[in-house]
Amino acid sequence: MTELAVTRTVPDEVTGPAVVLLHGFASSGAQDWPADRWARPLAAAGRETLVVDLPGHGASPRVDSAAEGTTSRVLEKLVAALQAVGADSVDVVGYSLGARLAWDLVAVSPIPVRRLVLGGLSPVEPFGAVDVAAARAAARGGDRPADQLTGMVLGMASAPGRDTESLLSLVEGLAREPFDPAAAPPGVPALLVGGADDPMSQGIDELAGHLPQGAVLRVPGDHLGALAGDEFQAAAVEFLR
């Protein structure tokens with residue numbers, strides 16, 4: 001199994017589990033988790049960071065088929081990447097797609113997950129409603145999709161520097177195994193963070209209802225603004241203490 005790209009920052013003195021940082025769709029580890037805002041402050045607090053590029057993103061291998069992009073396959077690759085760097089216990093901070101994967105990771109990972117910070121998470125599966133065939137046709141020069149959601153996902157997948165076909169294969173694969181928060185809710189302490197102006201994360205109170213140890217925090221900003229805001233970063237670091 002091809003390993004995912006992981007950027008590792010190790011402090012001089014380790015005081016707790018490694019912190020795994022999982023980015024959102026059509027982004028990368030470096031884009032969502034700038035070192036100055038995340039790795040360095042966590043290292044100063046004695047925490048190793050493992051910034052992962054998800055399949056089809058950043059420096060990780062592309063996704064060649066929907067079968068490679070299902071939730072279970074992505075989680076297998078994520079676990080293999082954490083095992084390859086020798087992680088024996090982790091905290092996980094995920095945003096958007098990264099948060100969705102972090103939610104399911106707890107149940108399948110042989111590496112114990114101690115705490116979760118889940119930002120920008122939707123209680124429903126957004127990719128299930130994407131017309132992947134129409135998005136592929138448009139990406140190859142056809143008409144732009146009439147469906148607004150499909151057009152939005154295509155726009156994200158076809159931004160400069162993105163491998164559009166690979167990202168659409170990932171979308172198709174994730175839609176085959178839709179996010180079901182009731183199936184295997186994580187039993188570890190979890191902080192759910194949503195932007196006050198982010199429609200995607202307005203259901204985090206519903207998600208918290210599935211968690212035996214869940215807390216909810218609203219921060220300023222829309223989907224991207226909440227991630228970039230100081231309130232989210234500060235709350236995440238404090239929760240992981």
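Q: How many aromatic pairs does the structure hold?
A: The model is a predicted one. Rings of Phe, Tyr and Trp pair if their centres lie within 6.5 Å. The number of aromatic pairs in the structure is 5.

Q: Is the aromatic pair of Trp33 and Trp38 stacked, tilted or edge-to-face?
A: The two ring centres are 5.0 Å apart, and the planes stand at 85°. Planes over 60 degrees apart count as edge-to-face. The pair of Trp33 and Trp38 is therefore edge-to-face.

Q: Are Trp33 and Trp38 buried or exposed?
A: A residue counts as buried if its relative accessible area is under 20%. Trp33 has a relative accessible area of 2%, and Trp38 has 1% relative accessibility. Trp33 is thus buried, and Trp38 is also buried.

Q: What kind of aromatic pair do Tyr95 and Phe232 form?
A: Their ring centres are 5.7 Å apart. The planes meet at 65°, and planes over 60 degrees apart fall in one named class. Because of that angle, the pair of Tyr95 and Phe232 is edge-to-face.

Q: How many residues apart in sequence are the parts that the pair of Tyr95 and Phe232 ties together?
A: Both Tyr95 and Phe232 are buried. Tyr95 belongs to strand E4, while Phe232 belongs to helix H10, residues 230-239. The pair therefore ties together parts whose separation in sequence is 137 residues.

Q: Which residues form one aromatic cluster with Trp33 and Trp38?
A: Trp33 and Trp38 pair with each other, and Tyr95 pairs with Phe232. One cluster holds Trp33 and Trp38 together with Tyr95 and Phe232.

Q: Which residues does Gly94 contact, leaving aside its neighbours within four places in sequence?
A: Gly94 sits in strand E4, residues 90-95. Gly94 is buried, at a relative accessible area of 0%. With those neighbours left aside, the contacts of Gly94 are Leu22, Trp33, Ala99, Val117, Leu118 and Gly119.

Q: What distance separates the C-alpha atoms of Gly94 and Leu192?
A: Gly94 and Leu192 are 98 residues apart along the chain.

Q: Are helices H5 and H7 roughly parallel or antiparallel?
A: H5 covers residues 132-139 and H7 covers residues 164-176, and their axes are 10 Å apart. The packing angle is about 175°. An angle over 145 degrees counts as roughly antiparallel. H5 is therefore, relative to H7, roughly antiparallel.

Q: How many of the residues in the contact of H5 with H7 are charged?
A: H5 brings Val132, Ala135, Arg136 and Ala139 to the contact, and H7 brings Thr164, Glu165, Leu168, Ser169, Val171 and Glu172. By class, 5 of these residues are nonpolar and 2 are polar. The number of charged residues is 3.

Q: Why do the buried residues of H5 line one face of the helix?
A: The buried residues in H5 are Val132, Ala135, Arg136 and Ala138. In an α-helix there are 3.6 residues a turn, so residues three or four places apart point the same way. The buried residues of H5 pack against helix H6 (148-157) and H7. They line one face because, seen down the axis of H5, they fall within an arc of 165°.

Q: Which residues does Leu170 touch, not counting those up to four places away in sequence?
A: Leu170 is part of helix H7. At 2% relative accessibility, Leu170 counts as buried. The residues that Leu170 touches, on that count, are Phe25, Pro55, His57, Val63, Gly69, Val74 and Leu97.

Methods. Residues are numbered from 1 along each chain as its sequence is written. This is a predicted model: local features need pLDDT of at least 70, side-chain atom pairs count only at pLDDT 80 or more; totals for chains, interfaces and linings use all residues. Side-chain values use heavy atoms; hydrogens and water are left out. Axes are lines fitted to C-alpha atoms, for helices over the stretch in contact, and angles run from 0 to 180 degrees between N-to-C directions. Helices (H or I, at least four residues) and strands (E, at least two) are DSSP runs, numbered from the N terminus. Angles under 35 degrees count as roughly parallel, over 145 as roughly antiparallel, 65 to 115 as roughly perpendicular and the rest as oblique. Contact means heavy atoms within 4.5 Å. Ala, Val, Leu, Ile, Met, Phe, Trp, Tyr, Cys and Pro count as nonpolar, Asp, Glu, Lys and Arg as charged, and the others, Gly among them, as polar. Buried means under 20% relative accessible area, exposed over 50%, partly exposed in between (1.4 Å probe, protein chains only). The arc is that of the directions from the helix axis to the C-beta atoms. Rings of Phe, Tyr and Trp (its six-membered ring) pair if their centres lie within 6.5 Å; planes under 30 degrees apart count as stacked, over 60 as edge-to-face and the rest as tilted.
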